[in-house]
Amino acid sequence: MAKVLFIVSGATYWVLKDGTRYATGYWAEEFANPYKILTDAGHSVVVATPGGTTPNVDMMSLRPSMAGGEQGALDLEAIIRDAEVMRRPLQLSDVRLEDYDAVYLPGGHGPMADLAFDADAGRLLTAQLESGNPLFIVCHAPAALLATRIHGVSPFKGYKVTGFTNEEEEGVGLAPRATWLLETDLKEKVEVDYSRGPIWEPYMVEDRNLVTGQNPHSAAVLGKRMLEILKK
């Protein structure tokens, strides 16, 4: 069975334009669905965060309105509660990529606050891309691609990528308040070949060993694709 590394944000807030600390973390659905898909199939998951900080779930992602109803929220809570790996994360600086068969990054606004500026995250993503081993990234987690730039150039330049859209950021009311927008910076600073689907609909892009998803509903699609690739 395979061993998958989850690189998760350790952030608890994201600073907005006016200095407000916007409470955040990782998005429940984006951790829980792929985690359950992988572990139900017998694969193991190891979590790593900047500094080994225990990841913080964005409480908004556990609201029934965000989780597909009351039962959906309870199901996500149960998966997270039972996921012991979330309570004893590795430090990103201690990760040995050769120990893992694939790498996955869930989103939430947390990565906009830490992984986007984390040198270890940048180093690990660059090494995983170069290794040819599978790299899966969803929603806001492509923010970590900004940390792969050396002298302004990223190895992900020209790769086909998706991620949380500016339109979706407007939909949650944060676009005018944010210091930067993921879609804009992926295009302008990482220079990826960005594409997107309809807002809030699952959308996945695959380019060589890199697989990205647009939004929370894309996480389960990435989880299933991970299973298919790990079977090869």
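How many nonpolar, polar and charged residues does the lining of the largest pocket have?

## The model

This is a predicted model, in which local features need pLDDT of at least 70, side-chain atom pairs count only at pLDDT 80 or more, and totals for chains, interfaces and linings use all residues. Residues are numbered from 1 along each chain as its sequence is written, and side-chain values use heavy atoms, leaving out hydrogens and water.

## The largest pocket

By class, the lining has 9 nonpolar, 5 polar and 3 charged residues. Here Ala, Val, Leu, Ile, Met, Phe, Trp, Tyr, Cys and Pro count as nonpolar, Asp, Glu, Lys and Arg as charged, and the others, Gly among them, as polar.

The volume of the largest pocket is about 300 Å³. Of its 17 lining residues, W27, M66, V172, W200 and P216 lie nearest the centre. A pocket is an open set of points on a 1 Å grid over the protein atoms alone, where a 1.4 Å probe fits, with protein on both sides within 12 Å along at least five of seven lines; lining residues have an atom within 4 Å of a point.

## Helix α1 against α7

Helix α1 (residues 28-40) packs with helix α7 (residues 219-231) at an angle of about 30°, their axes 8 Å apart. That makes the pair roughly parallel (angles under 35 degrees).

Contact (heavy atoms within 4.5 Å) is made by E29, E30, N33, P34, I37 and L38 of α1 and A219, A220, G223, K224, M226, L227 and L230 of α7. These residues divide into 8 nonpolar, 2 polar and 3 charged.

## Helix α1 against α2

With helix α2 (residues 70-82), α1 packs at an angle of about 70°, and the axes are 9 Å apart. That makes α1 roughly perpendicular to α2 (65 to 115 degrees).

On the α1 side, A28, E29, F31, A32, N33, Y35 and K36 meet L76, I79 and I80 of α2. By class, this contact has 7 nonpolar, 1 polar and 2 charged residues.

Methods
Axes are lines fitted to C-alpha atoms, for helices over the stretch in contact, and angles run from 0 to 180 degrees between N-to-C directions. Helices (H or I, at least four residues) and strands (E, at least two) are DSSP runs, numbered from the N terminus. Angles under 35 degrees count as roughly parallel, over 145 as roughly antiparallel, 65 to 115 as roughly perpendicular and the rest as oblique. Grid points are joined across faces, edges and corners, and a volume is the space filled by probe spheres set on the points.
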